[in-house]
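Biologist: Before we begin, could you put the chain on the screen so that we can go through it together, one step at a time?

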Amino acid sequence: MNFKGSLSLLILQILAGSASHGYNIAQQIKQQSQGVLTFKEGTLYPTLHSLEQQGLLTSYTEEEQGRTRRYYQLTKQGQKRLKKERQEWETFVDAVSQVLGEKI
C-alpha cells in the first residue's frame, strides 16, 4: 500500500537519520510501517532522482561488499522541506481524523 505523494516525505524522514542507499530506504519504510507501506524500485528511484534534482538530496557512491552503491543524504534545503511536509501531513491527518469523528 502507498498513498500518492507520501513517498517523498517518507524518504526525507528516513534520510534525516543518516545517509542511505535506495534498497535500504525501501526496507526501512517497509519495516517501520510493519509491512504496510511498500514501494517498488520503479517508484523509489525516480523519486530519489527527483529529490536530488530539486536540491533536497545529494548523493555519493561507495563500495559495499563488492558492490557500488549510491548513497543519498539530506541537504539543508531537504531538512527545511521535511519540516514543512511533516507539518502539512500532520494538518492533513488531523483534518481527516476530525471528519471521521476520531479523537486524536
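Biologist: How many residues does helix 4 have, and what span from its first C-alpha to its last is expected at 1.5 Å a residue?

Modeller: Please keep in mind that this is a predicted model. Helix 4 covers residues 76-100, which gives it 25 residues, and its first and last C-alpha atoms lie 36 Å apart in the model. The expected span is taken as 1.5 Å times one less than the number of residues, and for the 25 residues of helix 4 this comes to 36 Å.

Biologist: Which elements do the buried residues of helix 4 pack against?

Modeller: A residue is called buried when its relative accessible area is under 20%, and in helix 4 this holds for Gly-78, Leu-82, Glu-85 and Ser-97. The partners of these buried residues are helix 1 (6-17) and strand 3 (67-74).

Biologist: Which residue just after helix 4 takes a positive phi?

Modeller: Helix 4 ends at residue 100, and the phi in question, found just after the helix, is about 80 degrees. The residue that takes this positive phi is Gly-101.

Biologist: In what order do the elements of the protein chain run from the N terminus on?

Modeller: The protein chain holds 4 helices and 3 strands. Read from the N terminus, their order is α-β-α-α-β-β-α.

Biologist: What percentage of the residues in the protein chain is buried?

Modeller: The C-alpha trace spans about 55 × 30 × 20 Å along its principal axes, and the chain exposes about 7300 Å². Of the 104 residues in the protein chain, the buried share is 30%.

How values were computed
Residues numbered from 1 in each chain as written. Predicted model: local features only at pLDDT ≥ 70, side-chain atom pairs only at ≥ 80, totals over all residues. Heavy atoms only, no water. Helix = DSSP H or I, 4+ residues; strand = E, 2+ residues; numbered from the N terminus. Buried < 20%, exposed > 50% of the residue type's maximum accessible area, 1.4 Å probe, protein only. Areas by Shrake-Rupley, 256 points an atom, 1.4 Å probe, with all protein chains shown as cover. Contact = heavy atoms within 4.5 Å.
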